[in-house]
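Open your viewer and get ready to select a few stretches of the chain. We will go one stop at a time.

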Amino acid sequence: MEINMKNMYYDVVIVGCGVGGLYTALNLPSDKKILMLSKDKLDICDSMLAQGGICVLHDENDYDSYFEDTMCAGHYENRRESVDIMIRSSRDIINHLLSLGVRFEKDENGALLYTKEGAHSRPRICFHEDVTGKEITTVLLRTVQKLSNVTMLENTTMTDIMEINGFCTGVIAKTASRQTLHIHTPDTVLATGGIGGLYKHSTNYAILTGDGCRIAQKHGVALEHMDYV
């Protein structure tokens with residue numbers, strides 16, 4: 001056995017502490033013992049860099065237009081059921097973020113302001129100044145850090161996932177002090193972000209090196225649309 005190795009046991013391990021990982025932790029049952037891994041410091045993630053905003057369904061009459069705009073932007077290769085879930089859950093998510101303290105822009109009467117961007121045919125983007133990602137991620141991070149069932153490790157990099165008989169049983173990670181962690185869990189979430197850090201010139205953080213995609217592929221997990229960057 002490796003001398004500088006430690007076994008850890010949790011109900012869930014989430015690799016990545018951006019919006020995806022944080023919101024997952026926030027929505028898991030409070031009786032689950034959760035470990036989250038951050039490859040760098042907790043505030044070094046591309047979620048912090050997002051500027052524009054987050055789209056939301058205005059009302060039921062907006063559904064068809066929203067759906068078509070989204071499908072068109074994805075050259076109709078989008079997974080239709082995923083688009084449907086995204087649209088129908090958008091208002092509840094915005095309301096949840098507001099309840100947590102996210103400061104989306106509002107008018108003088110307290111109603112949400114919307115802007116228009118990307119492929120959207122009408123204004124349906126909630127935003128905070130020009131730093132929406134930082135606003136949302138900061139609030140989510142602060143909220144998750146208050147949860148007694150969640151432990152967060154900084155400067156800890158996933159190097160592999162563990163597998164028994166075709167089932168993922170956790171992850172292997174390396175700390176800044178070069179200690180190897182064998183994190184045993186029945187449920188593993190990869191929220192590792194993109195691959196922008198692999199490029200010589202990128203607006204992404206250098207730590208975004210596609211670890212989740214690479215390791216998943218190594219273990220036979222199906223990847224989709226990897227040509228879209």
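Start by selecting Thr 132, Gly 133, Glu 135, Ile 136, Thr 137, Val 139, Leu 140, Leu 141, Thr 143 and Val 144: these are the buried residues of helix α4, where buried means under 20% relative accessible area with a 1.4 Å probe, protein chains only. Helices (H or I, at least four residues) and strands (E, at least two) are DSSP runs numbered from the N terminus. The model you are viewing is predicted: local features need pLDDT of at least 70 and side-chain atom pairs pLDDT 80 or more, while totals for chains, interfaces and linings use all residues. Residues are numbered from 1 along each chain as its sequence is written, and side-chain values use heavy atoms, leaving out hydrogens and water.

Now show what surrounds those buried residues: they pack against α1, β3 (34–37), β4 (54–55), α3, β5 (125–126) and β6 (150–153), with contact meaning heavy atoms within 4.5 Å. In total, 10 of the 14 residues of α4 are buried.

Next, select α1 (residues 19–27) and α3 (residues 80–100), whose axes, lines fitted to C-alpha atoms over the stretch in contact, come within 14 Å and cross at roughly 85°. That makes the two helices roughly perpendicular (65 to 115 degrees). Display Tyr 23, Leu 26 and Asn 27 of α1, which meet Ile 93, His 96, Leu 97 and Leu 100 of α3.

Finish in two loops. Between α2 (63–73) and α3 sits His 75, with a positive phi of about 55° although it is not a glycine. Between β7 (156–164) and β8 (167–175), look for Asn 165, which has a positive phi of about 55° too. Most residues other than glycine have a negative phi.

Conventions
Axes are lines fitted to C-alpha atoms, for helices over the stretch in contact, and angles run from 0 to 180 degrees between N-to-C directions. Angles under 35 degrees count as roughly parallel, over 145 as roughly antiparallel, 65 to 115 as roughly perpendicular and the rest as oblique. Buried means under 20% relative accessible area, exposed over 50%, partly exposed in between (1.4 Å probe, protein chains only).
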